Amino acid sequence: MTRSRIALPILFATLTLVTVGPLRAQSAASDSTAVVAVVQRLFDAMAKSDTAMAHALLMPGTRFVSLLSDTSTSMPRAQSDTSFLRSLVARPQRLLERMWSPIVHVQGPIATLWAPYDFHVNGQFSHCGIDTATLVRGASGWQIASLVYTVQRRGCAPSPLGVPRSGS
């Protein structure tokens with residue numbers, strides 16, 4: 001084989017890596033941003049008691065599982081998507097959930113989000129913990145398939161977000 005015949009495939013492979021690599025990185029960053037946005041929109045829906053908004057973010061059959069992290073004998077408490085949505089309507093309190101430093105992993109049509117959070121009811125601190133969400137990308141975009149979280153009422157480090165603004 002001549003030198004030019006060998007060089008062309010190497011040049012093509014190099015150009016492909018140079019041009020496709022950044023596109024994949026941009027796509028992964030875009031997906032991560034979208035995943036965080038979906039979870040944040042769920043928190044916004046909770047704050048507004050907006051069941052229509054929350055419903056649009058959840059896959060049918062989404063499970064919510066909470067675990068008390070203050071005790072070693074805590075049993076997981078599971079809740080269906082319909083039960084979760086009913087609880088938003090039944091709660092007259094103002095809810096505020098804030099996450100920070102989310103870690104997102106995306107592989108094709110599935111994603112996971114892991115983030116510390118704090119939770120406030122009527123402007124008062126309630127608890128902190130870790131949120132883990134599994135999302136699935138479908139025709140309408142990312143939707144939450146499950147949300148598993150810990151509830152820690154004591155020993156919470158101060159939030160890097162500071163004290164919530166009044167009215168939040």
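**Close-up views of the predicted model**

**View 1. Asp-118 sits buried, at 4% relative accessible area.** Here, buried means under 20% relative accessible area, exposed means over 50% and partly exposed lies in between, with a 1.4 Å probe and protein chains only. This is a predicted model, in which local features need pLDDT of at least 70, side-chain atom pairs count only at pLDDT 80 or more, and totals for chains, interfaces and linings use all residues. Residues are numbered from 1 along each chain as its sequence is written, and side-chain values use heavy atoms, leaving out hydrogens and water.

**View 2. Asp-118 pairs with Arg-98 in a salt bridge.** Such a bridge places a side-chain nitrogen of Lys or Arg within 4 Å of a carboxyl oxygen of Asp or Glu; here the closest N and O atoms are 2.7 Å apart. Strand 5 (residues 110-121) holds Asp-118 and strand 3 (residues 95-99) holds Arg-98, so the pair ties together parts 20 residues apart in sequence. Strands are DSSP runs of E (at least two residues) and helices of H or I (at least four), numbered from the N terminus. Arg-98 is buried too, at 12%.

**View 3. Arg-137 meets Asp-31 in a salt bridge, at 2.8 Å from N to O.** The two come from distant parts of the chain, strand 6 (residues 124-138) for Arg-137 and helix 1 (residues 3-48) for Asp-31, 106 residues apart. Arg-137 is partly exposed at 33%, while Asp-31 counts as buried at 13%.

**View 4. Val-39 touches Met-99, Leu-113, Ala-133, Leu-135 and Ile-144, not counting residues up to four places away in sequence.** Contact means heavy atoms within 4.5 Å.
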